[in-house]
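User: Could you go through this structure with me? I will ask about a few places in turn.

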Amino acid sequence: MNRDDVAWSGYWPAAPTPFTRSGAVDTDALTALINLYAEMAVHGVLVNGSTGEWFSQSADERRTVAEVAIDAVAGRFPVVIGVSAYTARQSAELAVHAASAGADGVLATPPPYVHTSGDETVQYYHAVSTATTLPFMVYNWPRGVALDMGTIPGLFSRLADLDNVVAIKDSTGDWLSMLDTVEAVSDRVRVFGSFLHRRGLAALLELGGDGNIDGGGVGAPFAVPYYRAVAARDGATAREWVDRYRALSGRLINADYSGVYASPIPQLKAVMNLLEQPGGEVREPLLPVTDPVTLDALRAVIADSGIADASAPAGAGRG
């Protein structure tokens, strides 16, 4: 397989997994969230990625979340299931389930905590990516796994050559390193990275790259038309939309993907709840955002960015 075997591009939310206040997976809220993404016309969705709090779920819960999300998507856009785990066997078992449930692809980071070498990383990805015939997305997430694959010379090129690998999600905090990834492998695999800013627009139009996979999808009303303009090679319109997106995201997320006001996932779910979106609760070890001062700061970001009006259903206050 290669990049031409999938049509993965544009703006994808990394879906949070909604939990109830008692800590249970809220399948009704997850279904509502997927339907919200469809209304926003997103180009795909990642389920059980980092934002999906896979780390706090049992294997059975992860399978349930995957099944509910795939059923809710109902073929309206691609759905990729995250199968990150501590061993290749665990990841492969989740990948096999995702294939049986009807996923369009699977994704995994290297094993968290372990800090694998280049050869160990290639072996892990070979084992997991060949567990099924699904298209596979490699996920570079240094903030979460203590390994930046971009620092190992030639590693992304080796991974791009694996039979089922069709995409790389490069979420390094080093933007120039991400551009190195684009230059090295975007002729063979899709590259999702940090392109939702003016520098990213220049890269998309001149160097390459395929899209963003963005925690939660709150910025979809700005990011979806941005990528529509990018596809049309309409730089002027794209700049208007990306500036609006940055007025929101730039006040919430730092360059290293940490949150400005709280841990990223609690902060995201707080914003979603303020927007009356079905983000649900976080699960331990994360803590919900309850501080009134922090919530007021998040309300100010929402108000200043105009995202509430942009997110409103037709006829419900959108200008």
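This is a predicted model: local features need pLDDT of at least 70, side-chain atom pairs count only at pLDDT 80 or more; totals for chains, interfaces and linings use all residues.

User: Understood. Is Ser22 buried or exposed?

Analyst: Ser22 is exposed, because its relative accessible area is 69%.

User: And where is Ser22 found?

Analyst: Ser22 belongs to the loop between strand 1 (10–14) and helix 1. Its side chain is joined to that of Thr20 by a polar contact of 2.9 Å.

User: How far apart are Ser22 and Arg283, in sequence and in space?

Analyst: In sequence, 261 residues separate Ser22 and Arg283. In space, the distance from C-alpha to C-alpha is 9.0 Å.

User: Let us turn to helix 1. How do the axes of helix 1 and helix 2 cross?

Analyst: The axes of helix 1 (residues 27–39) and helix 2 (residues 59–73) cross at roughly 40° and come within 9 Å. That angle makes helix 1 oblique to helix 2. The crossing of the two helices is right-handed.

User: Which residues make the contact?

Analyst: Helix 1 contributes Thr27, Leu30, Thr31, Ile34 and Asn35. From helix 2 come Thr64, Val65, Val68, Ala69, Ala72 and Val73.

User: What is the contact like by class?

Analyst: Seven of the residues in the contact of helix 1 with helix 2 are nonpolar and four are polar, with no charged residues.

User: Next, helix 11. How many of its residues are buried?

Analyst: Eight of the eleven residues in helix 11 (residues 264–274) are buried, so the helix is mostly covered. The buried residues are Ile265, Pro266, Gln267, Leu268, Lys269, Ala270, Val271 and Met272.

User: What covers them?

Analyst: The cover over the buried residues of helix 11 includes helix 1, strand 8 (211–215) and helix 12 (292–305). Just after helix 11, Glu276 has a positive phi of about 60°.

User: And helix 8, which residues are buried there?

Analyst: In helix 8 (residues 198–206), Gly200, Leu201, Ala203, Leu204 and Leu205 are buried. Their cover includes helix 7 (175–185), helix 9 (220–231) and helix 10 (235–249).

User: Changing topic, where does Asn140 lie, and is it buried or exposed?

Analyst: Asn140 lies in strand 5 (residues 136–140). Asn140 is buried, because its relative accessible area is 0%.

User: What is Asn140 in contact with?

Analyst: Apart from neighbours within four places in sequence, Asn140 is in contact with Leu147, Asp148, Met149, Gly150, Phe156, Lys169, Asp170, Ser171 and Thr172. With Asp148, the side chain of Asn140 makes a polar contact of 3.0 Å.

User: Ser171 is in that list. Where is Ser171 found?

Analyst: Ser171 sits in the loop between strand 6 (165–170) and helix 7. Ser171 is buried, because its relative accessible area is 6%.

User: Which residues does Ser171 touch?

Analyst: Not counting residues up to four places away in sequence, Ser171 touches Tyr139, Asn140, Trp141, Pro142 and Tyr257.

Methods
Residues are numbered from 1 along each chain as its sequence is written. Side-chain values use heavy atoms; hydrogens and water are left out. Axes are lines fitted to C-alpha atoms, for helices over the stretch in contact, and angles run from 0 to 180 degrees between N-to-C directions. Helices (H or I, at least four residues) and strands (E, at least two) are DSSP runs, numbered from the N terminus. Angles under 35 degrees count as roughly parallel, over 145 as roughly antiparallel, 65 to 115 as roughly perpendicular and the rest as oblique. A crossing is left-handed if the near helix is turned anticlockwise from the far one by less than a right angle, and right-handed if clockwise. Contact means heavy atoms within 4.5 Å. Ala, Val, Leu, Ile, Met, Phe, Trp, Tyr, Cys and Pro count as nonpolar, Asp, Glu, Lys and Arg as charged, and the others, Gly among them, as polar. Buried means under 20% relative accessible area, exposed over 50%, partly exposed in between (1.4 Å probe, protein chains only). A polar contact is a pair of N or O atoms within 3.5 Å; within protein, one must be able to donate a hydrogen and the other to accept it, and residues adjacent in sequence count only if both atoms are side-chain atoms.
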